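Let us walk through this structure, starting with one chain and ending where two chains meet.

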Amino acid sequence: MSDYYGLPLLKPPVWTWEVPAYFFVGGAAGAAAVIAAAARLSGGRDDLVRDARWIAAVGGAIAPPLLIADLGRPERFLNMLRVFKLQSAMSVGAWTLVAFSNAAAASAGADLLERATNGSVPVRVIGNIAEALAAASGLVLSTYTGVLIGATAIPAWSENVKVLPVHFGASGVGAAVSILELLGHRDRALNVLGAGAAAVETLIGASFELRQSDALVPLKDDWTGAVTRMGGVLSGPLPLALRLLAGRLPSARKAAAVSTMMGSLMTRVGWLAAGKCSIEESQKAFVRSS
Amino acid sequence: MITAFLTDSTLCIGCKACEVACKEWNQVPSDGYHFTGFSYDNTVALGHSTWRHVKFVERTAGVAAPIDGTAGYRSNTFRWDFSSDVCKHCSNAGCLEACPTGSIVRTEFGGVYVQPDICNGCGYCVVSCPFGVIDRRPEDGRAFKCTFCYDRQKAGLAPACAAACPTQSIQFGEIGELRAKAAARIAQLRERGIDDASIYDPQHTSVGGTHAIFVLRGRPEDYNLPSNPEVPTVHLRDGWSSAAVAAGLMLLGTAAAFFMQRE
C-alpha cells in the first residue's frame, strides 16, 4: 500500500465558470488599454484609440461582477480591499483590477467629454493620464493571473508558473487585437501585433508538447487536455498562418480574429479545468514516488 | 506561549472521540453518513466540516515484528495504524499567505485562524494549502478549518480533541516541550524494537515545520502526508519574474507594432 485508499491529498479548486471568463475579459481589456496608449502616442487613428479605450472600459466594468459572483459571500467583496498583501497574488490582483477599472472608465469617459466639449484641453489631459494609468495597470491585469494560479499547491499550475504569465499575456493581446479587428479596424499594426502574440502562443504550445511531465497530463489528456490543446491551436499556429496570408487574402484576418478569440477563451477554460483534474493526476504521481 | 499538538499514532486506538469532541465544541455541521469500505474510516478526509480525522491504515504484508508483549499484538499478522489528522498550523502557512482579505491570521498561540466574520469565500486558500486541509463550505460560502480551539486556548483550556483523547495520543502543550517529547518517544519506541517510527514535522521544507507534530509508523505517504510539502509562495519569485517579462514583451511588442506602422 502506498497511499491512503487512493484518496487525493489536495483539495480541488472551488472556482466555477466565472473565473476563466474573468481571465479572458481581464486579459483582453488590459491589452486593449496598452493598445490605446501605443496607438495614440504613435499618432494612430482617433477611432482606433477610442475603440481600444472603450474595450478596456467595458472589460473593466464586466470583470468585477464576474469575480464577485464567484465569491462564496459576494456581499463581502469589499473585504478584498481591507488589506494589501504583496505575498498574495489575489490581493495584488484585486487592487490592480480596481485601479484598472477606474482608469479605463475615466479614459473612456474623457473621450466622450472631449467630443462633447469640442476638444477641451483639460479633459484631454485627464483622459491621457487615465489612459496611461489604464495601460500600466493593464499590463499587470493581463499577466498576474498566471502568477495567481501558478503560486498554488496545484501541480499542473505551479509546475508551469514560469510560462503562465507570458502565456496569459499573449492570449490577452491576441484577444484584444481580434476584438478591434472584428469591430472593423484594419490597421497593419494590429495584424503585426496579432501575429506576434500568435507566434508566442505557438512557441509556448510547442514547449508543452515537447515536455513530458506528470503535471502536464491534465493539459494533454481527457477533455481538459482536448480543450487546452484546441485552445492552443486556435490561438497559436492557426491564426499565425492566417495572419501571414492576410496581405493576399483579406478574409484571412477575420478568420484569424475569430480563431484567436475562441482560442483565448478555451485556453482559460482548459487551464482552470486542468487544475481540478490535476488533483487526481498528482495523486498517481505521489503514489509512484512513494 | 506558542502551542502545538503532538499526535502519537502509536497510542491511538481509533475511537474517534477527537472527531466527536471537535464537532460538538465547534458546532461543525454533520458531513453525512457515508459508508466507504476504507477500513473503519467513513470520515474520509479533513475538510470544511471535518477538522479532526482518524485515519485507519491497514498493514498486512511486511508487518515489522515487535518484541512480544510490548505492543499489544503478535508479530507477522494484521496490524492497524491509526492516526488522528488535523490542520498542521504550518509555520509558513500557504492559506494565510494567500488570503486576500486578511481573514486568516496567526494567533498569539502560533495557530492559523480563519476569522469567519471577514472571510468572503474567494477560495484562494483552498488551492494554497499543501496538505489539502482547508475547504469552502458550499452551503455557507466561507472557508473553514481547525481553529486550534482558539476560544478554548484564550480561556486557558486545551483544545477539545486533546481534552477528549482517552489515551493521550493527542497531546497539547508548548511546542518546544512537545518536540522534545516526540524525540523521547521515538527513542523509547526504538528501544522496544519498533524501528519504523518517526516524527512528522517537515522543518526541512519551505513550510518550516508545523504546529501539529505527528509520531507515525511507516512512511508519511501511507497516511497521505507529503514528505516534502512546499508553501506555494516559493513560486512567487518565478511567477512575478515571468509576469515582468510578459508585461515587457506586451509593452515593447505593442509599441513596436504601432511605431513601425507610422514609418
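Predicted model: local features only at pLDDT ≥ 70, side-chain atom pairs only at ≥ 80, totals over all residues.

Start with chain B. Its secondary structure consists of 6 helices and 10 strands. Along the principal axes, the C-alpha atoms of chain B fill a box of roughly 90 × 40 × 40 Å. Of the 263 residues in chain B, 49% are buried. Take the contacts in chain B between residues at least 6 apart in sequence: 64% of them join residues at least 24 apart.

How is chain B divided into domains? The domain assignment gives domain 1 as 3–230 and domain 2 as 236–263. The C-alpha centres of these two domains of chain B lie 46 Å apart. Helix α6 of chain B spans residues 236–262. Keep that helix in mind, as it returns below.

Now turn to the nonpolar core. In soluble globular proteins, nonpolar side chains tend to be buried together. Here the largest nonpolar core has 171 residues. Within this core, Ala32(A) and Ala176(A) have the most contacts. Helix α1 of chain A, residues 18–41, gives the most to this core, with 17 residues. What does Ala32(A) touch, leaving out residues up to four places away in sequence? Its partners are Ala52(A), Ile55(A), Ala56(A), Gly59(A) and Ala176(A).

Next comes the helix pair. Two packed helices are described by the angle between their axes and the distance between the axes. For α1(A) and α6(B), the angle is about 40° and the axes are 9 Å apart. On the α1(A) side, the contact is made by Ala31(A), Val34(A), Ile35(A), Ala38(A) and Ala39(A). On the α6(B) side, Met250(B), Leu251(B), Thr254(B), Ala255(B) and Phe258(B) make the contact.

Finally, step back to the whole interface. The contact takes 64 residues from chain A and 56 residues from chain B. Which elements of chain B each supply at least two residues of the side that touches chain A? They are α2 (94–98), β6 (135–136) and α6. The largest share of that side comes from α6(B), with 20 residues.

Methods: Residues numbered from 1 in each chain as written. Chains lettered and ligands numbered in written order. Helix = DSSP H or I, 4+ residues; strand = E, 2+ residues; numbered from the N terminus. Buried ≥ 20, exposed ≤ 12 C-beta atoms within 10 Å, placed from the backbone. Contact = placed C-beta atoms within 7 Å. Domains from an automatic or database assignment. Core = buried A, V, L, I, M, F, W, Y, C linked by C-beta atoms within 7 Å. Axes fitted to C-alpha atoms, helices over the stretch in contact; angles between N-to-C directions.
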